[in-house]
Amino acid sequence: MLIGALYGLVFAPVYAVEAVCTAYPLKLITTALTEGAGNVKVTHLQAHAHGCAHEYTPSAADLKKIQNGNIILIANGVGLDDHIVKQAKQLNPKLKIIYANAADKSPAPVDAHTFASPDTAEIMAKNITAGLIAADSANQQLYAANQQKFCGKMQELTRRLQALSSNQTVFIHYPVYKNLCTLLKWQVLTLKQEKSELLPPGRLIELVKQGKKSRPAARLILCDSTADPAVQQLAKAAQATLLQIDPLLHGEDDAPADRFIETMTRNVEQIKKALKK
């Protein structure tokens with residue numbers, strides 16, 4: 001057993017870059033951008049990919065992942081994971097950080113959940129790629145090629161959504177869909193500010209009233225789960241259709257490199273299908 005442990009220490013893989021992501025969608029994007037780089041490791045700070053970064057507090061075990069070594073923290077930025085970055089800096093002052101959303105660049109996103117819309121996801125990919133190249137110039141050509149592939153697909157999906165854009169109002173489960181709705185030129189009525197939030201008293205009645213006043217009346221609800229009692233109540237009260245859109249907040253740890261593109265493409269198809277009804 002001792003020999004096996006020593007063997008593991010001696011022959012442990014050495015990575016040029018170990019990227020630890022604060023949020024699951026960042027891991028998906030970074031995995032796509034580093035595809036083919038055998039000396040790059042991409043992990044997720046949370047032990048299990050579930051939920052949004054702003055509702056997550058890292059455990060001591062999670063923070064060990066960025067304690068030492070050639071670690072790069074890939075953060076969303078624009079307020080979504082500031083508390084995580086603060087803790088990480090306190091633990092490891094020398095930690096390198098790549099921000100997927102640069103705070104000093106304009107225009108600022110409508111909402112911090114920039115990964116849920118292809119136009120803002122494209123910007124994230126470009127910022128992450130620039131950071132990866134700065135940290136690992138040996139893989140520059142590979143990163144650039146992967147970025148071109150990823151951003152090309154995001155541009156295609158953006159054009160498809162722009163072709164579906166219309167002046168209408170929709171209900172959204174929570175703010176994660178705001179950037180997507182902005183791309184579609186949709187006005188939004190938000191059911192909850194946080195996914196875990198309990199529905200405030202009177203909120204449902206007020207939303208239904210606002211939806212009926214809209215022209216045309218709001219008849220679509222974007223949600224990540226049709227099983228949520230709150231969206232079911234809203235659908236019944238507003239006589240609206242539930243449209244399940246995956247915000248890419250959770251998934252398996254070993255997702256393939258094309259998972260982000262695959263999911264975003266499916267979301268676009270779902271929207272197109274819903275609008276034809």
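In the predicted model, the second largest pocket holds about 180 Å³ of space. Its lining is formed by Gln168, Pro216, Ala217, Arg219, Leu220, Thr241, Ala274, Leu275 and Lys277. By class, five of these lining residues are nonpolar, two are polar and two are charged.

Leu275, one of the residues that line this pocket, also takes part in the contact between helix 6 and helix 10. Helix 6 spans residues 140–164 and helix 10 spans residues 259–276; the two pack with their axes 11 Å apart and at an angle of about 10°. Because angles under 35 degrees count as roughly parallel, helix 6 and helix 10 are described as roughly parallel to each other. On the side of helix 6, the contact is made by Phe150, Lys153, Met154, Leu157, Arg160, Leu161 and Leu164. Helix 10 contributes Phe260, Ile261, Met264, Thr265, Val268, Glu269, Ile271, Lys272 and Leu275. In this contact, 11 residues are nonpolar, one is polar and four are charged.

Lysine 126 is located in helix 5, which comprises residues 118–135. The residue has a relative accessible area of 39% and is therefore partly exposed, as this class lies between the limits of 20% for buried and 50% for exposed. Apart from its neighbours within four places in sequence, lysine 126 is in contact with Gln147 and Cys151. A separation of 36 Å lies between the C-alpha atoms of lysine 126 and arginine 219, which are 93 residues apart along the chain. Arg219 is itself among the residues that line the second largest pocket.

Note on methods: Residues numbered from 1 in each chain as written. Predicted model: local features only at pLDDT ≥ 70, side-chain atom pairs only at ≥ 80, totals over all residues. Heavy atoms only, no water. 1 Å grid on protein atoms, 1.4 Å probe; cavity = no way out; pocket = protein on both sides within 12 Å on 5 of 7 lines; lining within 4 Å. Points joined across faces, edges and corners; volume = space filled by probe spheres on them. Nonpolar A, V, L, I, M, F, W, Y, C, P; charged D, E, K, R; others polar. Axes fitted to C-alpha atoms, helices over the stretch in contact; angles between N-to-C directions. Helix = DSSP H or I, 4+ residues; strand = E, 2+ residues; numbered from the N terminus. Parallel < 35°, antiparallel > 145°, perpendicular 65-115°, else oblique. Contact = heavy atoms within 4.5 Å. Buried < 20%, exposed > 50% of the residue type's maximum accessible area, 1.4 Å probe, protein only.
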